[in-house]
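This report looks at charged side chains and how they pair, and at one part of the surface.

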Amino acid sequence: MIEISDELTQNYKAFAEKFPLDLAKNAKLLSGQKALLESYARVASLNVLKIDLVSVHFPAGAAQFVFEAHNDALLSHVNASVGSWRPALQSLRSFMENCLAAVYYLDHPVEYSKWEAGSFRIAPRELRVYAAEHPKVEKLSKELGLKVELDSEYSTLSKAVHGSNSLFRMTSVEGKTNIAKASLPELGKWSSRERSTVNLCAVILVGILQDHLEGAKQQQVRTALAVSINQKGRDALKKHCGVLIPNP
């Protein structure tokens, strides 16, 4: 067992007492911001989609990826709520990956069995291409430029994951550690990424599930998704899939 000095033990105790207070202070400063309210509404809409459609119509293995994606969206929201911006963006990338993996494994039960056994992997780029070229999404993809949009959003989020851009650093120029900071400009930047990422993935999932959402079907789900899908997406879904998502 590692022996920890008394000095380090006291430092740890001070840190363990201080950082929850700092996070609570940040949460209080950011609480009530419209960007966070809208984010919570998007997370809630994904939950409706998960419960009412995905859990019913996806096989268990593929559905689990959507369940995890919903959890990623919530983690992103929570991290943003306390000003932990880089983890919030990292969770968004994971959200996208899990949504697209669900689409792939929905159609590939054999590959899912291999993945579950640890003998199969598919690259994120291949997932993006597969989803954008899916027969049920192909027309949406052409109108909305989904392949380009997915690549662009994934690239931006990857910069946060890999720390390859100084704009995503949490530390100061002097190297001071910083778990979180309550910054309205950072909130705005995160909100833009979340809005875009959720919109792209929601459009794709609705395209895949269009047979269960067309016409007057699942009004509750379609109404909930109004906060997650932008006007261009709503118009394209109506035009190509017969799915009417009302205005929020």
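The text below turns to salt bridges and then to a surface patch.

The model is predicted, with local features needing pLDDT of at least 70 and side-chain atom pairs counting only at pLDDT 80 or more, while totals for chains, interfaces and linings use all residues. Residues are numbered from 1 along each chain as its sequence is written, and side-chain values use heavy atoms, leaving out hydrogens and water.

The structure holds 13 salt bridges, a salt bridge being a side-chain nitrogen of Lys or Arg within 4 Å of a carboxyl oxygen of Asp or Glu. Among them are these:

| Salt bridge | N to O distance |
|---|---|
| Asp22 and Lys18 | 2.6 Å |
| Glu97 and Arg93 | 3.6 Å |
| Asp151 and Arg125 | 3.4 Å |

Salt bridges that share partners join Arg125, Arg128 and Asp151 into one network. Helices here are DSSP runs (H or I, at least four residues), numbered from the N terminus.

Asp22 and Lys18 lie four residues apart in helix H1, about one turn of the helix, and Glu97 and Arg93 are likewise four residues apart in helix H4 (residues 85-107). Arg93 is buried at 14% relative accessible area, whereas Glu97 is partly exposed at 24%; buried means under 20%, exposed over 50%, and partly exposed in between, with a 1.4 Å probe and protein chains only.

On the surface, Tyr12, Phe15, Phe19 and Ile179 form a nonpolar patch with about 420 Å² of accessible area together. Such patches take residues with over 30% relative accessible area and no salt bridge, joining nonpolar side chains (Val, Leu, Ile, Met, Phe, Trp, Tyr) within 5 Å and like charges within 9 Å, and accessible areas come from the Shrake-Rupley method with a 1.4 Å probe.

Methods. Helix = DSSP H or I, 4+ residues; strand = E, 2+ residues; numbered from the N terminus.
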